[in-house]
Amino acid sequence: PPSFGDALDSVSEEGLPTLLLYGNDDPWIVPWWAERAAQRVAAAGGEYYAMSPAGHCPHHEAPAAFNQMLLRWLSRRRAAESISGDTSEQEEEGEDVKVLAVGDRI
């Protein structure tokens with residue numbers, strides 16, 4: 001069966017935008033594997049960041065930092081698409097994304 005590395009290679013071959021956020025304190029994914037994934041992502045022009053302190057679920061363990069990195073990446077993608085003239089995936093007016101802190105009410 002295909003591996004996660006195979007999936008990253010496929011994403012690279014397709015030229016798809018990629019962001020990989022890794023919890024540097026992950027007890028299951030060892031650092032050398034994360035570095036291999038980072039190299040695959042970087043080879044395709046994607047971005048990789050190791051977050052610490054965060055483990056296997058950085059989106060759960062450090063949600064504010066995770067969301068900040070994700071929103072910054074999305075902003076860079078939007079800016080790159082605006083420069084290149086590719087507006088096929090731009091969102092409609094009025095659909096701003098907001099990050100809520102734990103305990104905030106919608």
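User: In this predicted model, how do you know which helix has the lowest confidence and which the highest?

Analyst: By the mean pLDDT, a confidence that runs from 0 to 100. Helix H2, residues 31-43, is lowest at a mean of 86. Helix H3, residues 58-61, is highest at 94.

User: What makes H3 count as a helix?

Analyst: A helix needs a DSSP run of at least four residues. H3 covers residues 58-61, so that run meets the cut-off.

User: How do you know how far to trust residues 89-106?

Analyst: Their pLDDT stays under 50. Where pLDDT is low, the predicted coordinates should not be read in detail. The model does have nine contacts there beyond four places in sequence. For the chain, the mean pLDDT is 80, and 79% of its residues reach 70 or more.

User: Why is serine 3 called a cap of helix H1?

Analyst: A side-chain oxygen of serine 3 lies 3.3 Å from the backbone nitrogen of glycine 5, at the N-terminal end of H1, residues 4-14. The cut-off for a polar contact is 3.5 Å, so the pair falls within it. After H1 comes glycine 15, with a positive phi near 70°.

User: What makes the pattern of the chain α-β-α-β-α-α?

Analyst: The chain has four helices and two strands, and the pattern gives their order along the sequence.

User: What share of the residues is called buried, and why?

Analyst: Of the 106 residues, 21% count as buried, because their relative accessible area is under 20%. The chain exposes about 7,900 Å², of which carbon and sulfur atoms supply 54%.

Notes: Residues numbered from 1 in each chain as written. Heavy atoms only, no water. pLDDT = per-residue confidence, 0-100. Contact = heavy atoms within 4.5 Å. Buried < 20%, exposed > 50% of the residue type's maximum accessible area, 1.4 Å probe, protein only. Areas by Shrake-Rupley, 256 points an atom, 1.4 Å probe, with all protein chains shown as cover. Polar contact = N/O pair within 3.5 Å; in protein donor to acceptor, adjacent residues only side chain to side chain.
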